[in-house]
Amino acid sequence: MKEGMIMKFVKYMLLLLPFLYMAAIWIQSSLPSNHFVELPDSALDKTIKESLHLVEFAILYVLLVLAGLTLRRSFTPKWNVACAMFAALYGISDEIHQSFYSYRSASLFDLVKDFTGIFVAYYFISSALYKGKFVWLRKKLDRVAKIH
């Protein structure tokens, strides 16, 4: 394959990944929490599954940023905030979605964990892109931004 075709494929994958990930979140949220895995130690099982809230929507935010970097010649701080807000709003919609299933629960504490994960990822990406910190991360994000 030519390099141009590979870069187009990568770009389209980066654009598609946030939507695939959101679909996976939506489907998983409509299933019982033990549908895929249940550890023998119920306390450990609950702790691990609860801690996943810290990364679940942070991953969505990062995927949105990567998609945005491939679309925009200038990925501004406003676009960065928009990605974080979209991930947060999707977290709210996920909690509402879960409230319709008797075997799932929706809680404000889960939202706090979702928002915390998004904020941590936002801090690193924002600091790398706009404040000169985390040079290694900035280099990786710049490589993604070069995919047009």
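Analyst: We may begin with the surface. The accessible surface of the protein comes to about 9500 Å², and 71% of that area belongs to carbon and sulfur atoms. Please keep in mind that this is a predicted model. Of the 148 residues, 36% count as buried.

User: Which elements make up the protein, and in what order do they run?

Analyst: The protein has six helices and zero strands. From the N terminus on, the order is therefore written α-α-α-α-α-α.

User: Against what do the buried residues of α4 pack?

Analyst: They pack against α1 (3-29), α3 (53-71) and α5. One of the buried residues of α4, Tyr90, also forms an aromatic cluster with Trp26 and Phe57.

User: Which residues of the largest nonpolar core touch the most other members?

Analyst: A nonpolar core is a set of buried nonpolar residues joined through side-chain atoms within 4.5 Å. The largest one here has 26 residues, and Leu60, Tyr61, Val65, Leu69, Ile118, Ile125 and Leu141 touch the most other members. Each of α1, α3, α4, α5 and α6 supplies at least two residues of this core. The element that gives the most is α3, with eight residues. As a case, leucine 69 is in contact with Phe75, Leu141, Val144, Ala145 and His148, when its neighbours within four places in sequence are left aside.

User: How many aromatic pairs does the structure hold, and how is one of them classified?

Analyst: The structure holds six aromatic pairs. In one of them, the ring centres of tyrosine 123 and phenylalanine 124 are 5.5 Å apart and the planes stand at 75 degrees, so the pair is edge-to-face, the cut-off being over 60 degrees. Tyrosine 123 is partly exposed at 36% relative accessibility, and phenylalanine 124 is partly exposed at 33%. Tyrosine 123 also pairs with phenylalanine 134: their centres are 6.0 Å apart and their planes at 80 degrees, so this pair is edge-to-face. Tyrosine 123 lies in helix α5 and phenylalanine 134 in the loop between α5 and α6, so the pair ties together parts that are eleven residues apart in sequence.

User: What is the phi of phenylalanine 134, and where is that residue placed?

Analyst: Phenylalanine 134 has a positive phi of about 50 degrees although it is not a glycine. Its place is in the loop between α5 (108-130) and α6 (135-145). With a relative accessible area of 24%, phenylalanine 134 is partly exposed, because the value lies between 20% and 50%.

User: Is lysine 140 buried or exposed?

Analyst: Lysine 140, found in helix α6, is exposed, because its relative accessible area of 51% is over 50%. From C-alpha to C-alpha, lysine 140 and alanine 128 are 9.8 Å apart in space, and they are twelve residues apart in sequence.

Conventions. Residues numbered from 1 in each chain as written. Predicted model: local features only at pLDDT ≥ 70, side-chain atom pairs only at ≥ 80, totals over all residues. Heavy atoms only, no water. Helix = DSSP H or I, 4+ residues; strand = E, 2+ residues; numbered from the N terminus. Buried < 20%, exposed > 50% of the residue type's maximum accessible area, 1.4 Å probe, protein only. Phe/Tyr/Trp six-rings, centres within 6.5 Å; stacked < 30°, edge-to-face > 60°. Contact = heavy atoms within 4.5 Å. Areas by Shrake-Rupley, 256 points an atom, 1.4 Å probe, with all protein chains shown as cover.
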